[in-house]
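Let's take a walk through part of a protein model and see how its pieces sit against each other. Have the picture open as you read.

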Amino acid sequence: MPDPYGAVEPSVPLAEARVVLAGLGVTGRSLQRVLTPRVASLVTVDDKADDADHSSLDADGAAAVLAEADLLVASPGFAPHHPVVAAALGAGVPVWSEVELAWRLRVDRLGSDQPAEWLGITGSNGKTTTVEMLVAILRAAGLRTAAVGNVGRSLVEAALDPTLDVVAVELSSFQLHFTHTMSLEAGAVLNVSPDHLDWHGSIDAYTRDKGRIYEGVRTACVYNVADRTTEDLVREADVVEGARAVGFVVGTPGPGDLGLVDDVLVDRAFHTATDDPDRRKSAAELGTLADLKQLGDQGGVVPTHIVADALAAAALARAHGVPASAVRDGLRSFGPSEHRIQRVAEADGVTYVNDSKATNAHSAAASLAGFAHGTVVWIAGGLSKGATFDELVSSRADRMRAAVVIGADPGPLADTLARHAPNIPVVVIDPGDTGTVMRRAVAAARDLAQPGDTVLLAPAGASQDQFASYAQRGEEFARVVRELTS
């Protein structure tokens, strides 16, 4: 069986390489622009793009294309079992992710200029929020920065930008799988819960790929004290000598960690004489919960997962040398992410909230936890990506007044609700006529809701079965809500 990560080094320099590019989506187009002038030849493969050189390759066709290649650069949608990737792995052709290519381009700049440092973030949930918090903190410190990778700008293009001092890199498990030589200044795994098992094949493989973010870290491996798996990944990582393990916890931190004391965010990891000249304090104050009040729920309470994200962002910023005051100023300036707990409208005493970015069970559970018992009409459903919903429904059934199930295959979630929440009314939206699915779902939720309730879109599944993206799903929800409540 071939190595699941494949070969690393092409037999020729990149400038002389015959490269196959798999995928011409948003990431693939950026890769195409960057690669074309830098390689000997470029052949593209995509099942949907009309201008691709090849499409719908079976195993034999893929093997023929890869027989003439020195390197395969694969977009995140191409799993290891895809015929093109499997052919490369079987033939010993190196497979690189966008991240690997971007890191190589960054390394090539060393000596000619000073490329931006990379601070990386992965996890099953909270990645985008944490990346955007980190960017806000870095900007508050006066640094030229950007959110890149799985969010914001293309990573390969950012790697070539001489105007950046440091970048906040959101990394998915897909991107990390074929990333071999990256060496972050600091990296964080926020949490690990079952997700994308259809791509990875097992929870162990998924977890292992998350942990690849720590390989080669030079300053700090940031982990979640409440999630033992993340600490185990740090212990197993091969890091640069001198790199530290730094935990974050929504509670009193131990020595070397960041945490929360009463309502104060504190740092016991990077606390130096600069922060406290006479060293009488045991920690540096980074801010308070009041600095995150704009992210609180309807009662003004800041959800635990938001506090955890803020601490992780602070740890990465502090690893880069950002002062404590910039952490406070950055958190104060940070606003809610789009499609993440966004209040859309209120009508007849019912509040409508868009959390379309809750694309797995863990993030949907966190979303539901922010509301009072028995007050949520939950709109959920979509691609499960191999995950199950039992723990989500059993642990959050007390928050629900009712549920509305969408998705091309609503059966698994509807069945789970029947088993674990038999007393909760459930409306299943017929998946026929995809264009009206959200309108029918919102109308059903409106009829089920009572004054004081929240209609919450927190799907616990990916969107591509009925929508182009989680963003389009959230936008459709907001549009329909405004129409039906105007």
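Before we talk about how helices cross, one definition: an axis here is a line fitted to C-alpha atoms, for helices over the stretch in contact, and the angle between two axes runs from 0 to 180 degrees between their N-to-C directions. Also keep in mind that this is a predicted model.

**Two helix pairs**

With that in hand, look at helix 16 and helix 17 (residues 470-485): their axes come within 9 Å and cross at roughly 55°.

Who does the touching? On the side of helix 16, the contact residues are Met-438, Arg-439, Val-442, Ala-443 and Arg-446. Helix 17 brings a list that includes Arg-473, Glu-476, Phe-477 and Leu-484. Sorted by class, this contact has seven nonpolar, no polar and six charged residues.

Now move to helix 2 (residues 59-66) and helix 3 (residues 83-91), which pack at an angle of about 55° with their axes 8 Å apart. Helix 2 and helix 3 are therefore oblique to each other, and helix 2 passes helix 3 in a right-handed crossing. Ala-59, Ala-62, Ala-63 and Leu-66 of helix 2 meet Pro-83, Val-84, Ala-87 and Ala-88 of helix 3. This contact divides into eight nonpolar, no polar and no charged residues.

Here are the two pairs side by side:

| Helix 16 and helix 17 | roughly 55° | within 9 Å | seven nonpolar, no polar, six charged |

Next, the strands. In general, strands of a sheet pair through backbone hydrogen bonds, either parallel or antiparallel. In this model, six strands form an open sheet in the order 14-15-19-16-17-18, with mixed pairing. Which strands are at the edges? Strand 14 (342-347) and strand 18 (426-428), each pairing on one side only. From one strand to the next, the twist averages 15°.

Zoom in on strand 16 (residues 376-380) and strand 17 (residues 400-405): they pair in the parallel sense over five bridges. Ala-380 stands opposite Val-405 in strand 17.

**Helices across the sheet**

Helix 15 (residues 411-420) lies across strand 16, strand 17 and strand 18, running at about 155° to strand 17. Helix 16 (residues 437-448) turns up again here: the strands it lies across include strand 15 (350-354) and strand 19 (454-457), and helix 16 runs at about 160° to strand 17.

Notes
Residues numbered from 1 in each chain as written. Predicted model: local features only at pLDDT ≥ 70, side-chain atom pairs only at ≥ 80, totals over all residues. Heavy atoms only, no water. Pairing = 2+ DSSP bridges. Helix = DSSP H or I, 4+ residues; strand = E, 2+ residues; numbered from the N terminus. Contact = heavy atoms within 4.5 Å. Nonpolar A, V, L, I, M, F, W, Y, C, P; charged D, E, K, R; others polar. Parallel < 35°, antiparallel > 145°, perpendicular 65-115°, else oblique. Left-handed = near helix turned anticlockwise from the far one by under 90°.
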